[in-house]
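Trainee: I would like to go through this structure chain by chain. Where do we begin?

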Amino acid sequence: MAANIQAKEKIPVWRDERYLSAATQIISSIVVLGLLYWMAENFTEITQQRGISLSYKFLSEPAGFPISESTIPYDPTMSFGRAFLVGLVNTLNVSVIGIIFATVLGFIIGLARLSSNWLFNRLAVAYIEFHRNIPLLVLLFLWYFAVFNRLPSVKDSIVLPGPIYLNLRGLYLTWPRLTETGNIFLGLLIGGLVLAILAWNILIRIRERTGRETYYVPIAFGLLIIFPLIGWFAAGGNPIWLDVPVLEGFNYKNGMRLTPEFGAILVGLTTYTAAFIAEVIRGGIQAVQLGQTEAARAVGLRKTHVLRLIVIPQAMRIIIPPLISQYLNLTKNSSLALAIGYQDLFAIGKVTINQAGRAVPVFIMVMVTYLMLSLITSFILNIYNRRIQFVER
Amino acid sequence: MIVKPNTQSPPDPPGPVAWLIKNLFSNWFNSLLTLISLSIIYFAAASVLSWVFTTADWRPVVGAPLLYLIGQYPRDQMWRPGLSLWLIMFLIGMSWGVWEKYVKAFAIFLAILLGIFAIVPLETATITLGVRAAFLINPVLIYLGYLIGKNKIVNGQHVITLWIFVSSLIVLVLLPGFEGIPFLPKVETTVWGGLLVTLLLAVGGIVLSFPIGVLLALGRRSSLPVVKIFSILFIEVIRGVPLITILFMFSIILALFLPAESRIDRVLRALIGMTVFSAAYMAENVRGGLQSIPPGQIEAARAIGLNNFQTMVLIVLPQALRAVIPSIVGQFISLFKDTTLVVIVGINDLLGIGKSILGSDPEFVRLQAEMYIFIALIFWVFSYFMSQASLKLEKTLGVGVR
Amino acid sequence: MSQDNESIIVARDVHKWYGKFHALKGINMDVKKREVVVIFGPSGSGKSTFIRTINRLEVHQRGQIVVDGIELSHDVRNIEQVRMETGMVFQQFNLFPHLTVMQNIVLAPVWVRKWPQEKAEEIANELLERVGIPEQAEKFPGQLSGGQQQRVAIARALAMQPKIMLFDEPTSALDPEMIKEVLDVMVDLAKSGMTMLVVTHEMGFARAVADRMFFFDQGQIVESGAPEEIFQDPKEERTKLFLSQILSQ
């Protein structure tokens, strides 16, 4: 019976799938590595030829150029490294504040987009369609050149309640600053906030588990009020003072100044990204089907509870990943600051290239920094996705 | 009382008053929203309209219409972009005939716009009667193309082939020209500009990034470790950094990685930058399409004897790409808007032309609002038509899978 | 098994592991030309895995499989030849949704057998006639019912003019009223003398046309024999139990 199975014949190498796949592995590796090697070869040749330095030693040399705005102390005698740091902080500043504002604005417009009020709904559509179909750079130019650069001169400043002064040189805000004893107040304020959040979460969970009323609302709000109040009196009744901008000569002194560049990039990024966030929000909420809400109502949950317990958690699951990618887009888009003169990471990088003549190392630094921001974001996103998947099982 | 069920016909559509109450004034909150919206609309419309027709100074916008279209392209060689425009309009007309649903609105809009452009009373020396006549031919060509495209013999494949052939002809032969040919002298890309460059970068970027993106997507799913790692690194690095850094890299740093003697044209460098950027996103889109192919399809292809390559080309890719057409259109819209970034590396695209017109005359310095609103409008119109077409496409693809 | 030269499929001690899971534990089977073999057994018994090793959709790790004198090994040419000589029909039809019925059928003859388009289409039309849906040639699979799709899948497999047809639960994904139309086609095919290996629970089909039946459980052949033997006098307790379960449905 086994007669028709001959001894295994030897397979020629060129027909053996194992050798074939090994060969493709090797050939493809050679092609890819060869390309990289060729580029590296050209690179070393050209850098040697032109005497381009690849070292990072220049980072400790004095930068020698001024930076118009900086949250951390900086002057031109400080190093290139410090200047780079200033740029990074400026990027983070505009990104973080932009993300907060864009989220708030995006939520409002997204909800307006879902509103049953026809007119309100159309307004949201107009806003979204306007912003989604024009280039961000053009929007930034409009905000910067057509709005912030057209503000009245210092003499004729627009005065808003606060007082806030708005003029060609920027936005001057009345800003609360801590007095010498202010740290006590600040500490207790933060402590109260943390405790309130903790109490809220723990008590809500206890309530969900035991079904007993735990008075989480009054307790959390009580903590939120009592702690800062103690701090206020411990600080002697005056923990903060208001730094009011005053007109001195041709300019405002004191207060908190935001430059027109910062204002334009912040407003531009916020309004642009808000349109995309609004679409994300709308998509997320619409995806939570009507049936879900009806089922929850049928179980007897109140309307506010339906929203809090059923719709929002499920919508969040859909909303969060694209929302985070919008955050990442905003951060990357902040590099357009260069075009209107706000000195972010990329703009400082470019000045450094001109000043120090070190194109390659600076470029690597700038790109690696942006990459790190992206990686951190996708890392957070992955953790979130994993948690969501865990919940689903 | 017995309520008689109305089984004969659906309830009558609500009258205008009922509609108003239901949609605008159903309760006090709704009414408040309506009032807020009305006041926003009133103030916005009033201030915009009064600005547009009284305060605004449109001289920089209307002063040099040809600059927006072709930049500094030599005026004695105008027939070349002009002929290109004719060819493209004819093809748009044919596309309208073949894909009526998606292209119709855009084609009609273009025809009207070009017609208006031909007769509008602009007082400039560049717009001669000849130029006007040439423009007036465009709507005619669109309609002619439509009539031909509507014919049963012409199908989508023909039109796509024509598009590829004609656009390569325009970009590689007609516009750049050659050294030493008298009737087609070389025109350096440094003088190209305006919408010509914007469209070249956007269309060129998406078309060139398509094969690279498909290869990267396949590479990312490949079982070959080196290919896989390279693809992942490429995709993630490009997607992790802003486009502007990539454009800078290709305009400054790329030269360091190529043989010392090679010199690449500035517009071409920007195009390479756009292509590389777009390829990474294309790869992720295509990968999504590949993931949507059930493994049974590949098994069936193997079982009937197709080899790996045939399986990929005949079975997997056609289905995967069909599934990602809407997202590719979306990507094209973003890329089209992103072309404005080349201004930062000193290329005169549409936005760059706008900037240079503002800088050309001291009187124009304060007229940025007019200029940028005009440019925003151009981008808006293009993007809006494309996204509407894409929405329709998504719906038709969503209905019967075929 | 009298004449060895008639055996068209020979499996000897075939083993297959998925990681640690031992899916096939030494399968031996001889199928003769023009024979119709039905394989049945509980899910997870390895019957589908086994039928898929015969055209190497699954790779066996030990033992030998010889199809029409060609051994399935790492030899790429042998794999190609075996796939040309075997047609396969899947549970989920696996028609190509972007191609018409006609294009589905002529794809392999044109690209693999390198036949001219006209000849392939001629054969395709004959096959569509044979499976009873000659009028559907220009439709897309999505426009057909499940039963029609499965009949197209059979026509597609037959278009390569295979010597062997493999059926992997061809009626399991069908609504009851469509099972018969597919089984009718399969019965006709069996009567025409095609060598068939069928994984199915359709015992009526087995009784009507099967020459032999194999009962798989836990990666092994528990029992085999002619349908009469299996139905009337199963030797193994497991076979009895399983048969009583599916026949009582």
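Mentor: With a definition: a salt bridge is a side-chain nitrogen of Lys or Arg within 4 Å of a carboxyl oxygen of Asp or Glu. The model is predicted, so local features need pLDDT of at least 70 and side-chain atom pairs pLDDT 80 or more, while totals for chains, interfaces and linings use all residues. Residues are numbered from 1 along each chain as its sequence is written, chains are lettered from A and ligands numbered from 1 in the order written, and side-chain values use heavy atoms, with hydrogens and water left out.

Trainee: How much area is buried between chain B and chain A?

Mentor: Contact means heavy atoms within 4.5 Å. It takes in 55 residues from chain B and 53 residues from chain A. Buried area is the accessible area (1.4 Å probe) that two parts lose on being put together, summed over both. Carbon and sulfur atoms give 75% of it here, and the total is about 4800 Å².

Trainee: Which three residues supply more of the area that chain B buries against chain A than any other three?

Mentor: Their share is 14% of what chain B buries there. They are B:Leu256, B:Phe257 and B:Lys337.

Trainee: Which element gives the most to the side of chain B that touches chain A?

Mentor: Count polar contacts before elements: N or O pairs within 3.5 Å, where within protein one atom must be able to donate a hydrogen and the other to accept it, and residues adjacent in sequence count only if both atoms are side-chain atoms. Between chain B and chain A, 12 residue pairs qualify, both at pLDDT 80 or more. Elements are DSSP runs numbered from the N terminus: helices (H or I, at least four residues) and strands (E, at least two). With 12 residues, the top contributor is α16(B).

Trainee: Turn to chain C. Which residues form the salt bridge with chain B?

Mentor: Chain B brings 17 residues into contact with 20 residues of chain C. The area buried is about 1800 Å², 66% of it from carbon and sulfur atoms. Here too the rule finds 1 salt bridge. Its closest N and O atoms are 2.7 Å apart, and the pair is B:Glu299 and C:Arg52.

Trainee: Which element supplies the largest share of the side of chain B that touches chain C?

Mentor: There are 6 residue pairs in polar contact between these chains, both at pLDDT 80 or more. α13 (295-303) and α14 (308-338) of chain B each supply at least two residues to that side. The largest share is 7 residues, from α13(B).

Trainee: Is C:Thr100 buried or exposed?

Mentor: C:Thr100 sits in the loop between β6 (86-89) and α3 (101-111) of chain C. Beyond its neighbours within four places in sequence, it contacts C:Ala137, C:Glu138, C:Lys139 and C:Phe140. Buried means under 20% relative accessible area, exposed over 50%, partly exposed in between (1.4 Å probe, protein chains only). At 8% relative accessibility, C:Thr100 is buried.

Trainee: Why is α3(C) largely enclosed, and what do its buried residues pack against?

Mentor: α3(C) is largely enclosed by the rest of the structure because 8 of its 11 residues are buried. Among them are C:Val101, C:Met102 and C:Leu107. The buried residues pack against α4 (117-130) and α5 (146-158) of chain C, together with α14 of chain B.
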